Amino acid sequence: MTDKTANPDNSHDLYAVRLQKLENLCKEDRNPFAANCAQSHTSEEAIKLYKEGVADEEQPKVAVAGRIVVFRVMGKASFIKIQDRDGQIQAYVTRDELPEGEYNTYFKKLDLGDIIGIEGRLFKTKTGEITVRAESYTLVSKSLRPLPEKWAGLTDDDKIYRQRYLDLIVNQDSRQRFRHRAKIIQEMRKYLWERDFTEVETPMLQSVAGGAAARPFITHSNALDCDFYMRIALELYLKRMLVAGEDRVFEIGRVFRNEGLSRRHNPEFTMLELYQAYTDFRGMMELTQGLIQHVAKTVIGSLEIARPDGTVINLDGEWREAKYKDLIIEATGDAEWFSHSREDKLEKARALNIEVDGELEDYEITNNVFEKLIEPTLIQPTFVTHIPKELCPLAKITQDDDTTIDVFELCINGQEIAPAYSEQNDPIIQRKMFEAQVGEEVQDMDTDFLTALEHGMPPAGGMGLGIDRLIILLTGAESIRDTILFPSLKPLKQEAEK
């Protein structure tokens, strides 16, 4: 009788079988974990070497190495495919080409997942596939655990994120996304370097959690016997560089916020922040649009980006610009919205089916309307300008409307991608704006930063770009976790070995 309650996972049994193979190899003085392996070409490079119209015996010899991902045994010969960083290449291994006894005793006992090196001459099979005719092979690293079942890909989200190495082995879309990520960051640097920006590094451990309104992670320095905060933004130290006379600076780095997890939020994420003297938020518009268009063209190869739902986002041409207040009035259908009392706004927001905390400040209620009703509809690139001054104390107040600040929030794909400011450089006003903060999102006052401003900071534009969100946009990822190699996860309980 079959036990229907039995665990169908047989990976432990397969592990035992492979462990026995490992022991057998060691007993026979065959090293299953080589210190090195000759690799003259990657799979892609080897395939490109093949010469059409040239006899097999005159084709180039190559030495390739990678993980076995396909293994077809056909009596005295086998076809295998190995995968390396560039892709896959097929190899043809026969009993007669290898030393006597090698094929049956050792080669046929290799497993999917084993990493091997193969040397031989290229040829083309009857089906037209360029292949290496193996003259020798080397077991480089024995895989003791099997790859995901049937090579169909890893589909369990939790396993994808916890065992990203398996995801990258079997899901080529994931591998390509992270290749794109690396290339996008590389192209960002090139774009800014070409415009005379200097890349700098600022502290991750900071004595004041400033530059943004967010809950920080706290740690303790034993040597200094004081608490530090993991940085929540790059802003205040980069502005110190403007005071120092470095007129164009940027940093690409990790930022940490001890807040919620969602499809768009991870506790640690990557930001680009840049500051340029003698410009303002409109100068940042031009720079930001040019930067995003550049990476889209050079890395993705197109300014038309298809979303998973089929909608096409067009990054070409002039991007829309819309004032925050105009969008609120349009969405609520209430031309007098900004004249209403806090209580009236609360009631009207709830009438729009927006869940709003009754303890929020007036401007926070309005911003709930923006974030829940308007932002998700901004699929095409939109610069949302002149937001309420209470939302950020670090920007210049608009000259013709002292209730707003000279900023934009670039929204694409239904989410904010990049905010930018005309930076506040008046230390007196800056101090007052810090002191006037109310509501849930209040920044700590960095008095050393204020002292720096008192030495004089030139007028400047500043911009921050969430790189993970940009990757979501450009690669069609469903979640921010799909753009971060090792996203934050709650650790699994470690069961004691029985």
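Let's start with helix H8, residues 281–300. It has 20 residues, and at 1.5 Å a residue they should span 28 Å. The end C-alpha atoms are 27 Å apart, which agrees. Keep in mind that this is a predicted model.

Is H8 mostly buried or exposed? Of its 20 residues, 14 are buried, so the helix is largely enclosed by the rest of the structure.

Now look at its two ends. At the start, aspartate 280 has a side-chain oxygen within 3.0 Å of the backbone nitrogen of arginine 282. Just after H8 comes glycine 301, with a positive phi of about 90°.

Second stop: a sheet. Three strands make it up, in the order E7-E9-E8. The sheet is open, and the pairing is antiparallel. Which strands sit at the edges? They are E7 (205–206) and E8 (218–221), and each pairs on one side only. E7 is joined to E9, residues 226–230, by two bridges. Across that pair, glutamine 206 stands opposite tyrosine 229 of E9.

Last stop: threonine 125. Where is it? Find the loop between strand E4 (115–124) and strand E5 (130–141). Why does threonine 125 count as buried? Its relative accessibility is 13%, and buried means under 20%.

What does threonine 125 touch? Its side chain makes a polar contact with the side chain of threonine 127, at 3.0 Å. Beyond its neighbours within four places in sequence, threonine 125 is in contact with Phe79, Gln90 and Thr131.

That's the tour. Thank you.

Methods
Residues numbered from 1 in each chain as written. Predicted model: local features only at pLDDT ≥ 70, side-chain atom pairs only at ≥ 80, totals over all residues. Heavy atoms only, no water. Helix = DSSP H or I, 4+ residues; strand = E, 2+ residues; numbered from the N terminus. Buried < 20%, exposed > 50% of the residue type's maximum accessible area, 1.4 Å probe, protein only. Polar contact = N/O pair within 3.5 Å; in protein donor to acceptor, adjacent residues only side chain to side chain. Contact = heavy atoms within 4.5 Å. Pairing = 2+ DSSP bridges. Expected span 1.5 Å × (residues − 1).
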